[in-house]
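Dear colleague,

I am passing on a structure that is new to you, and my notes follow it. Please read them with the model open beside you.

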Amino acid sequence: MELVPQQSSLQNGILSLIRTGKFKSGLLSVTTLLPITQKSACLGPLLLSVLRRGTEKYPSLPAINRRLDDLYGTGISIRPFYLGDRLALFCSAELLDEAYLPEPVDLLAGVGELIGQILFHPLLDENGLLCEALVESEKELQKEKIRSLKDAPRSYAYSRLLHFFHEGEPVGFPIFGTEEEVAAVTPRELTDFWHQFKESFCPVCFSVGSLPGERIRAVLEENLPRSGASLPSLYLREPPLSAKTVRRVAEPMDISQGHLLLGFRAGTFAGMPGSTAVTVLTELLGGSSSSRLFRNIREAYGFCYSIGAYYRAERGMVMLHCSMRPDRRAFAEEKLLSELEAIRAGKFSDEELDVAKKSLRNVCRQMQDSPSSLEDFYRFRLLRGVDDTLAAQGTRIASVTREDVIAAARALSLDTVYFLRGTQRGGDADVPDDEI
Amino acid sequence: MYPTTKFESALLRESFEKIDHPSGLPIYVFPKKLSATYAILSVRFGSIDTRIRLAPNSDVLTFPDGIAHFLEHKLFENPDGSDSLTAFSTFGADANAYTGHTRTAYLFSCTEKFSESLAELLRFVTTPWFTPESVERERGIITEEIRAIVDSPWDRCAERLAEGLYHLHPVRKNICGSEESIARITPELLYQAYNIFYQLPNMALVVCGDVTAGEVLAVADKVLPKVKQPMRPILRVPVPEPPGIVSPRMREEMPVSIPILNFGFKDAKIPADPVLRIRRDAILSLVGEVLFSRSNDFFGTLFEEGLITSSYSYSYSICETFADFDLSCESEDPEEVRQCLLDYLADMRRSGLDPEALERARRVLIADQIRDYDSTEEIANNLLVFLFDDAELFGYPALLASVTEAEANACLGELFREENLCLSVVAPAGK
């Protein structure tokens, strides 16, 4: 039976509930949305890190962690991410189903209390400011996080593509800010931001598990404050649908491989007509080991290991990528583009299309096995005001035609070409890029 | 009916069956009402299996490093020119494979057409096909895979640690091999390795999902031989590993933002008896949780003092021929962390483990065990690990529950000593 959330209002926000005995551990999360600005991109992550360090009742990180251990190893994840044009501050707990506890313990009450403590009862100094020592410590860690992006070359290349691709859009601000911005944050500024967070707090809560909704509601109402804020819309401005010019950027790095990423405007985005066709197109191109990029490039030429395509639906971006010897960069780009051209020209079989659709429907069904996947899928649709289910998504995928896919491919427009050029074996210079 | 053994757990409210298929392949079926069904066919052939004898007095056969992984890449190709990845896709299944130190595994997950996918899995793994051209192409792909590892500071740090802990044991080598070693791999060598290791009794099939043993056996009966072939001996030739570590410190310079640290304690006391080996795993997993949990003093103090970042993990692993406890973190001052670690361990050895912390760790690890049963992928892979080490999956929570304070303190005293410790550091030049 399909798991579909039941929605109701909670305080000034929303509670989305999937009641099921399917899992041995459940999920309880609270998301709140803030505008993305240059400041909030830096302050939001920093605030979450400082809040996680200690609360009135659990005054240190080990004290919070010990409490989690006592709650049968409940895991808490606190992280920032972009959703639409918003900065989402997210706190999620994975807790064992009470049916599997060796003794009667109200885990839900304990987890709810801890979430409330972390978000709304932090350690404050005598002036009512977030503790300076914790703020300074987390500033150092956030600066290190920014520096360490470069340590994972492929992920770094992706973050650089996003940076150039989204320049001028709210999501173009790097989510941890810059080192200089972090260094300039004061405890007063961060405390003010925390107050803003409380004033605009409008919880989007999600729960998956066997507990009755009334218990979950009661625990959340007890631990989360009510504010006068209302749920913001996800987008201030819809993502650009097409590219005006192609921007080429290359950056050198002291590594052996090259990482080539092509960013396209998709001509649509999540929840809009044509978005499902882009999902199918991306799968057909490079979504799996039976995709065209994998078979026609990796397997046919044997010059790369990592290759694929990815649709970032909420931003209307399609990315093709390939990691290979730097001197094969021009060859790789030509092959990636030629595969897209083949789709535009209708040079793909009905069987390939069928395989791509089957693969996506398999993914939709498998998402039913994962509380966090269910949450991701439904949270976005809930906030966009789209009435949708995974089963309906599967049906839409099944109904995509080859003409839809060809049209989706033709609507892609190349926006940014990013190349992280490994210099250890000598990189090529056969393509004019604006090398930084 | 084939000989069948049923395993049940009251704690987990789960059960599975082991069926001795007439072909010689052991089959495990774990029914689970989830959307995805996961099947994994694995062979006891990993990256460390590079030296074997086919008979007690025969010559030692030596394979190039990385051959198990190379074989895994190539096995999806079929004699008719098709590849099995595409076949799985036509059934809507998602297929993959991986190679570890001690095993190679081929797998798929699906939500429909399970029988068709299972038939494909059994068929392609039992039908090798290697040509010079395809082997040459694959060499290029694997070379890029190796280079991706070379570019990863975490992988390099882990590799350096293995080199610092082990003198001769092949676990010190990369699972993919090196560009030099894979250059020596030919179709002939792949066939030779395949014919030695890919014997059905040397393999196991695990299926977890909304399926019955009857459905699985119906496919196995169609695809696999009706009669068991006698198992040809595979005599692994261990390289005698000298006691002690190679070096207390390993270091490599890379352009990283902060030094990456991998501490490893080499465990030389590996029980030959699998029952005792899994017990040692439980004891040292518990000791590791007490010592290094994020709720305890070591992490708490170092993190609050700003000596380490929040990037921090630890684990114990043991198999028949090697075992070690690893702890990873990041710090601007690796030597200071090392000294803190040694001082902390000396204190813990003197005082013994805090009984309250031991109980908390036990509670956390048993809860972790229960959580593992929410995913067909997790269940199937865990079952495989246990069965390949002749251990009983459902017995593990009870093992954790039965570890005594005395046992835990004894293992703490044995393993967590300076003479067993290597620190591997990947650092920017000059740090």
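In what order do the three strands of the open sheet in chain B lie? The order is 6-5-10, with antiparallel pairing; strands here are DSSP runs (E, at least two residues) numbered from the N terminus, and helices are runs of H or I of at least four residues. Strand 6 (61–62) and strand 10 (235–236) of chain B stand at the edges with a single partner strand each, so one side of each has no neighbour in the sheet. Strand 5 (residues 51–53) of chain B pairs with strand 10 of chain B over two bridges, where pairing requires that DSSP find at least two bridges between the strands. Within strand 10 of chain B, Leu235(B) is the bridge partner of Arg53(B).

Please bear in mind that this is a predicted model, in which local features need pLDDT of at least 70 and side-chain atom pairs count only at pLDDT 80 or more, whereas totals for chains, interfaces and linings use all residues. Residues are numbered from 1 along each chain as its sequence is written, chains are lettered from A and ligands numbered from 1 in the order in which they are written, and side-chain values use heavy atoms, leaving out hydrogens and water.

Turning to chain A, there are 15 helices and twelve strands in this chain. The C-alpha atoms of chain A fill a box of roughly 60 × 50 × 40 Å along the principal axes, and 61% of its 436 residues count as buried, that is, under 20% relative accessible area with a 1.4 Å probe and protein chains only.

Terms used:
Buried < 20%, exposed > 50% of the residue type's maximum accessible area, 1.4 Å probe, protein only.
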